[in-house]
Amino acid sequence: MKLVSNFWRKLCKPSNAAVGVVIGMGFVGGILFWGAFNTGMEATNSEAFCASCHEPIVNEIKETIHYSNRSGVRAICSDCHVPHNWADKIVRKVQASKEVFAFVMGNISTEEKFYARRKHLALREWQRMKENDSQECRNCHDFDFMDFSEQGQRSVKQHSTALASGEKTCVDCHKGIAHQLPDMSDVPGWQ
Amino acid sequence: MSTLEYIIWQILGYSAMPLILLIGFVGVSVFTVWILSLTSDKERS
């Protein structure tokens, strides 16, 4: 308590240092804090970080077009599972603290436990993506620039009607595009 | 996620933002005051 009151007293008194020095220290300190904060945010967006808990499904993406393809563009976990704009990203990171707690409690500490919970985790993620209109898909896939002449008949039919009207969103149909599907019984549209 | 759970996490998420900025301010203040107390403000009580 004495430490806090001492600090507060110092904070309220003018310093002997020049105003430029004080402002400069605040400016540099601000840059360092923001740099460190963003470095931390980026570290928790890395594939290695995700794999530290979700290794079985991180490996599954290696079999999909989002990992290896003719153009060499690839997506990592955070591209699809973390919002890209700053405010939504912070909200998602705070929500993820619950997931860290679940991991610490051992909810998915073994591969068996993980696969047992897989459907529950998938349903939550699909619901999240449905609620934000598949925003993470749309960060790369822009409907306005889709060339229907390059798509198959079924894709053209669905994209030009259900997707165009907003009746459906990407994840309604494109489930399991980067991971194996869990048991899909009783998932709407997958009978 | 239930509606209640959704609302709770949204509130926690959005309230984290000013908290982050506040923590940054406090962190920089502590560091600056400490550095100044070792240099220009050393002789002050």
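Student: What percentage of the 45 residues of chain B count as buried?
Tutor: This is a predicted model, in which local features need pLDDT of at least 70 and side-chain atom pairs count only at pLDDT 80 or more, while totals for chains, interfaces and linings use all residues, and side-chain values use heavy atoms, with hydrogens and water left out. Residues are numbered from 1 along each chain as its sequence is written, and chains are lettered from A and ligands numbered from 1 in the order in which they are written. Buried means under 20% relative accessible area, exposed over 50%, and partly exposed in between, with a 1.4 Å probe and protein chains only. By that cut-off, the buried part of the 45 residues of chain B is 29%.

Student: How many helices does the secondary structure of chain B come to, and what does its C-alpha trace span along its principal axes?
Tutor: Helices (H or I, at least four residues) and strands (E, at least two) are DSSP runs, numbered from the N terminus. On that basis chain B has one helix and zero strands. Along the principal axes, the C-alpha trace of chain B spans about 60 × 15 × 10 Å.

Student: What area is buried between chain A and chain B?
Tutor: Contact means heavy atoms within 4.5 Å, and 27 residues of chain A are in contact with 26 residues of chain B. Buried area is the accessible area (1.4 Å probe) that two parts lose on being put together, summed over both. Carbon and sulfur atoms give 71% of the area buried between the two chains, which is about 2,300 Å².

Student: How many salt bridges are counted between chain A and chain B, and which helix of chain A supplies the largest share of the side that touches chain B?
Tutor: A salt bridge is a side-chain nitrogen of Lys or Arg within 4 Å of a carboxyl oxygen of Asp or Glu, and between chain A and chain B the count is two. Helix H1 (2-12), H2, H5 and H6 of chain A each supply at least two residues of the side of chain A that touches chain B. The largest share of that side, nine residues, comes from H5(A).

Student: Which residues are linked with A:Lys98 in a network of salt bridges?
Tutor: Side chains of opposite charge can pair when their charged atoms come close. The side chain of A:Lys98 meets that of B:Glu5 in a salt bridge, at 2.5 Å from N to O. The network that includes A:Lys98 also links A:Arg124 and B:Glu5.

Student: Which helices do the buried residues of H5(A) pack against?
Tutor: The buried residues of H5(A) are A:Lys89, A:Ile90, A:Val91, A:Arg92, A:Val94 and A:Gln95. They pack against helix H2 (19-43), helix H4 (77-81) and helix H6 (111-131) of chain A, together with helix H1 (3-38) of chain B.

Student: How many residues apart are A:Glu60 and A:Arg118, whose side chains meet in a salt bridge?
Tutor: The N to O distance in this salt bridge is 2.6 Å, and both A:Glu60 and A:Arg118 are buried. The pair links distant parts of the chain, with A:Glu60 in helix H3 (residues 47-60) and A:Arg118 in helix H6 of chain A, and the separation is 58 residues.

Student: Which residue has its backbone oxygen 2.9 Å from a polar atom of the side chain of A:Ser78?
Tutor: A:Ser78 is found in helix H4 of chain A and, at 8% relative accessibility, counts as buried. Leaving aside neighbours within four places in sequence, A:Ser78 is in contact with A:Asn45 and A:His84. The backbone oxygen at 2.9 Å belongs to A:Asn45.

How values were computed: A polar contact is a pair of N or O atoms within 3.5 Å; within protein, one must be able to donate a hydrogen and the other to accept it, and residues adjacent in sequence count only if both atoms are side-chain atoms.
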